[in-house]
Every structure is written in structure tokens, then in C-alpha cells.
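The numbered points should be read with the model open.

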Amino acid sequence: MCGIVGYVGKAPVVETVLEALRRLEYRGYDSAGIAVLNGRGIEVRKRVGKIEALVESIRRQPIRDGHIAVCHSRWATHGEPTEANAHPHTDCKQTLAVVHNGIVENYAELKSQLLAKGHRFRSQTDTEVIAHLVEEYAKREPLDCAFRHALKELRGSYAVCLLSKHEPHRLFGAKNSSPLIVGVGKREAFFASDVPAILGRTRRVVYLNDHEVVELSASGPRLTTLDGKRLHRKATTVAWDVAAARKEGYPHFMLKEIHEQPATIEQTLFNRLDAGKRRLTFDRRTKQFLDRLSPNEKFIVIACGTAYHAGLVGEYMLEECTRIPVDVDLASEFRYRGAQLGRDTTVIAITQSGETADTLASIQMAKAHGAKTLAICNVMGSSIARAVDAMLYTHAGPEIAVASTKAYTSQITALALLTLYLAKRRACLPPAQWRRLFDGLAKLPEAVQRALETERAVKAVAGEYARARNFYYLGRRYNYPSALEGALKLKEICPVIHAEGYAAGEMKHGPISLIRKGWPVMFVAPHSSVYEKVISNIEEVRARKGACIVIASEGDPAIKRHADSLITIPRTEEFFSPVVAAIPLQLFAYYVADANGCDIDQPPNLAKSVTVE
Ligand code: M6R
């Protein structure tokens, strides 16, 4: 959460950093601010609300330009979203400006020490202590030493950038458990929370590790440890291009990303699935990791939000096809449940961003307990990608909308690859069934493309139900997670609606009491081994006059008489149905939210990457 940008170079700095910050707005958007070093010293401007409010203020009353600046979009943790609490924060004399993402857990203690020394605070944030701490140390030592000294005092997480009036050609930055990357351009360099910020200026990125300190000049980064020991690291070139970080004619990133799914699934399969030879493979490290798993291996999948729902689908896939026992846990719960981990346990993290605080902490805990670790992750070089023993990148490209869509279907695709690879190695499936599933996986992009053809029908159904304020989403087995995910999508982007996902068989154990005339219930009921059971659940709702919206497979003439509204998707193996069903569920949420005038890409109170616990 929170987006950070720092820039040093020859380009007009205000425009450059604001452009980069706009590409990070998905990370937090309750206030924004900028600090520019110009002929007047450090000039700071902050506004409550989205980045556009800051841009508008600068348009009306321009800031004098310079060549070095930091800026920030905030997702409040300590202190309300006010102008005073917006970043950048400065020291007493406004010679330093700091932007920060994370939580300084010992800020209260540090603040009272600094207050006792005469420092004057202007905000209620934890971040402001960093500016005053550096100011305090800089009374006695050069700025780089003072910065390191201050960092050593901080407990908690941080990605921080520092601008000083006395250092017109260098910024300072560091990270610990919060993301920060360096972009290296032509005679210019950036700090940023995430790669999309710098796409369009450069694709050369230096990934930072925790406790590393960077002095950034236009010629590039100089890395050291917290103790000042020099480190050397080459920039890597990222594959994402700038189009991926633009709407490209779509009204919202979410809609664009929904439409990208045939291509992103193809990307997840690329170089791993050889359709001609009916063969699956992974990069050397991942393959070795999988080939060395014990015959008694146990998997624990950990994730948050949408990624957790992908993990639940993976549980059905892996247990059915590989007979490996699988537990799926919310990362925020796993950390505290005292799970029994050992050498024969693999903890699998699923995460789009690779930065989710609870998922990262769970992986660190798993490693400390001797478990093996694997991640299914979208962002190269992210903290989780670097922490685990083996990686399965989803290659879905940058996901900008807060609501996860293409990352979800790519995560399930990666789980399908993993399942079929292990099923073959362990000879767990009859060969004909394995071949059927393999062929289904190879054709998944095509099935998803066809599922997108439901868009017009889904939009019409969404229009019919847009005024409802409560929804249930129900499904069974592979599509129980689909129900959870469909409900999450709707309530996430349409905050005037409450939606709840349940296992369809659970209805009569409580939730059915709420059903009354016209109460909308979305059933995910494709062709499957539990189809008849789901039909019975539909009838239970209809008997109470609930309105059933049913997602069913093409070629199911019987379903019509059970549905008030019907959406048909291509028929696939049950194994793949959560991917295909995800498309109308995402589109439904999108069009209901749109009809309600919601801020689809940036729903209130949310941030794309949850880097605090
Ligand atoms: O980056 P991650 O996949 O680790 O993020 C996990 C969740 O925060 C995320 O899936 C969240 O639930 C989405 N906004 C849902 O659309």
C-alpha cells in the first residue's frame, strides 16, 4: 500500500514524478504529495484525495521545477487521510523530505525521544519520525551515515526515500519488508514501489533486498549495506511494456484486464506446455524442486483474498489428481495456528504482487521451521519471489485494477500445470484422463476467449439486478471457490452491495433464512460431478422465491427451467470450470458496479498491494 516515486535526472521533475505516481495510484489513493528541490529549497505540496487533486492544485498554482523530487500516494495506516498526514514529511527546518510505505512500529517511542530533544512534529503519522531521526543524526555526521543510523533505529517495515536540500544530485532510499525498486534510465534514475511506475522511461530495474541502502544519482544507484559495505548488482531488463500499464481505450483497467485473460493464460502456459509432444516442463530450478519432493509430501497453500480462492481451487485439483494432501490457509491465520511443518512439507504461497505482508511473513516462518517453499507469483523480483526455494511465475503482466482478475485465472492455470506435472510423475491418473486434462489445459485460452462472448448477456443480466443490495453466490466442489471469488469481486468494487459466497450445501445450515422474494442468488452450476446436487440447491432457493441467476454450461437444455436468469459458458472438464466461470463472474461484478456509478479501479478503503499486516 502507498506508492512511492523518487526521481533524479534532467527531465522536468514535477511532470515526470506525477506521471510515474499516476501509474501507482492503485497502491493507495486517500491523499498524495510531492517534494521538489528547486531554487526555493524544498517545496512541498499535498492534497487529500486522489492524485488528480494534487495535479489540479499544481495546475492552478505551479511548483517551480527542478531535477530531483520525491512523491507519494497514501493508504492511511497511522493518522487520518488529511493534508498534514499526507507525505512527504519534513524535518523541523524543512531541509529533508521523506516518503515512506510501511509501518514504523516503534514510532511512539522514537517520537517521544525526539520531542524531548526539541523536535516539532506536524502530523500524527509514524513516518514523520524518520525525517526527524535523520535530522537528529545529521547534526553530527554526513547525511548518508545519518540515514543509515536512522534506519537502524526503526522497527517494522519500510520502503523509504529521502530528499535533502543539501544533496541536490542524490536521493537516498532503503527497504525492509516493503517494496522498492530502482529504475535506471538514460542519465536519469528512479525509485518506485513497483515497475509500472517507470515503464515508458526505462525497463532496466535493480531489485533491492531488505536492509540495503541506495544513493541514487542520475548515473544510477550505489548500493551499500546498513553498515556502509559496498554492494554490486546489475540491472535486469523487465519484459513488461508500457501498453500493459495503460488502459488502451478501455474505460477501466479492470475491463481491460478481464479481456486480456486468453492472452495471459497463454503466457502462463508458454514454454511449459508443449501441446505437440503432450509434455509439461518447468525451468531447471523448479523442475528439480518438484522432482525431489518426497513420496510423503504434504502441501500447505497460503494466500490472501483472491489468491486464497485460487488456492482453494488448487486444493481440489491437487488432491484429486496427485493424492498429495493439501491444506489451504489464509496467510493471516496460518502464521498463528501452529501448523506442523517439517522436511516433507512444502508451503506454497500464491500472490499476484509478491509483496503481501502476511504471505511474506508466512513464507519466512515456514522457512524458519524447515519447510520447503514454492511461490506462484506474478511480479518478478518481488520479496516473495526472492524468498522462496522455487518459483512458478504466472507471467500475467502488470495487474493495475485493485480487483484481481487476470492474476486469478493465471494462478489457477499455474496450479493446473503443477497438478498435471505431478500427476504424471507420480502416475496418479489413468493415462486417458491425464491426456484429457492436458488437452483441456492446452485449449483453455480458447475456452476463456469464448467465455468472453458472454459479455453482452452478462451486461444485460447485471442491468436487471443492479439495484439489489444483497447477493448470495453459491457453488460446490471446484466452484465453491468460484462462489467466494464472485462475491468478493462484487462487494469489492461495488461497495453499496453486500455479497456473500457459500458452499451451496451449506445454505440450509443458516444463510437460507434470509432468502425471500427476489433475493438474488448467483449459482455457479456448470456441467460437473455435483451438478444434480447444485440443481437441488437451486430448487431450495426457488421454493423460497429467491431469484436464481445461473452460470451453466452450453448444451444444458434442462437448466433453463431452474434459472430466472441464465448465463452459459463453454463446457469444459470440471477441473477447468473455475477459470471459465470466472469470466462472467468478473463481468457481472464489473457491470453491476458500473451501473451503480462505482469507482471500479480504485474502490474505497482498498489498495492493490497489502504490505502491512
Ligand atoms: O498480491 P496478492 O495476490 O498477494 O494480494 C492478495 C489480495 O490482497 C488480493 O487478491 C485482493 O483480495 C484483491 N484485491 C481481490 O480482488
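A polar contact is a pair of N or O atoms within 3.5 Å; within protein, one atom must be able to donate a hydrogen and the other to accept it, and residues adjacent in sequence count only if both atoms are side-chain atoms.

1. Basis of the note. The model is predicted: local features need pLDDT of at least 70, side-chain atom pairs count only at pLDDT 80 or more, and totals for chains, interfaces and linings use all residues. Residues are numbered from 1 along each chain as its sequence is written, and side-chain values use heavy atoms, with hydrogens and water left out.

2. A polar side-chain atom of Thr356 lies 2.4 Å from an oxygen atom of the ligand. For Ser353, the corresponding distance from a polar side-chain atom to a ligand oxygen is 2.6 Å. Lys489 also takes part, with an N or O atom of its side chain 2.9 Å from an oxygen atom of the ligand. Taken alone, the ligand exposes 410 Å², of which the protein buries 90%; these accessible areas come from the Shrake-Rupley method with a 1.4 Å probe, and for residues only the protein chains shown count as cover.

3. Helices (H or I, at least four residues) and strands (E, at least two) are DSSP runs, numbered from the N terminus.

4. Where does the ligand sit? The ligand is in the largest pocket. A pocket is an open set of points, on a 1 Å grid over the protein atoms alone, where a 1.4 Å probe fits, with protein on both sides within 12 Å along at least five of seven lines. A molecule sits in a pocket if more than half of its atoms lie within 2 Å of its grid points.

5. Cysteines. How many disulfides are there? A disulfide is a pair of cysteine sulfur atoms within 2.5 Å, and by this rule the count is zero. Cys161 counts as buried, at 0% relative accessibility, and Cys377 is buried with a relative accessible area of 0%. Buried means under 20% relative accessible area, exposed over 50%, and partly exposed in between (1.4 Å probe, protein chains only).

6. Lys406. This lysine is found in helix H13 (residues 406-425). Is Lys406 buried or exposed? Lys406 is buried, with a relative accessible area of 2%. Its side chain reaches the backbone oxygen of Ala396 at 2.9 Å, and the side chain of Lys406 also reaches the backbone oxygen of Pro398 at 2.9 Å.

7. Backbone geometry in loops. The peptide bond from His87 to Pro88 is cis, with omega near 0°; Pro88 is in the loop between strand S4 (68-74) and strand S5 (89-90). His211, a residue other than glycine, has a positive phi near 65°. His211 is placed in the loop between strand S11 (204-207) and strand S12 (212-217) and is partly exposed at 39% relative accessibility. His395 is not a glycine, yet its phi is positive at about 55°. His395 lies in the loop between strand S22 (390-393) and H13, where it counts as partly exposed at 30% relative accessibility.

8. Sequence separation and distance in space. Arg27 is in the loop between helix H1 (13-22) and strand S2 (31-38) and is buried, with a relative accessible area of 1%. Arg27 and Cys2 are 25 residues apart in sequence and 5.1 Å apart in space, C-alpha to C-alpha. Ala552, in strand S26 (residues 547-553), is buried at 0% relative accessibility. Between Ala552 and Val347 there are 34 Å in space, C-alpha to C-alpha, and they are 205 residues apart in sequence. Ala457, in helix H16 (residues 455-465), is partly exposed, with a relative accessible area of 39%. The C-alpha atoms of Ala457 and Lys186 are separated by 49 Å, and the two residues are 271 residues apart along the chain.

Note on methods. 1 Å grid on protein atoms, 1.4 Å probe; cavity = no way out; pocket = protein on both sides within 12 Å on 5 of 7 lines; lining within 4 Å.
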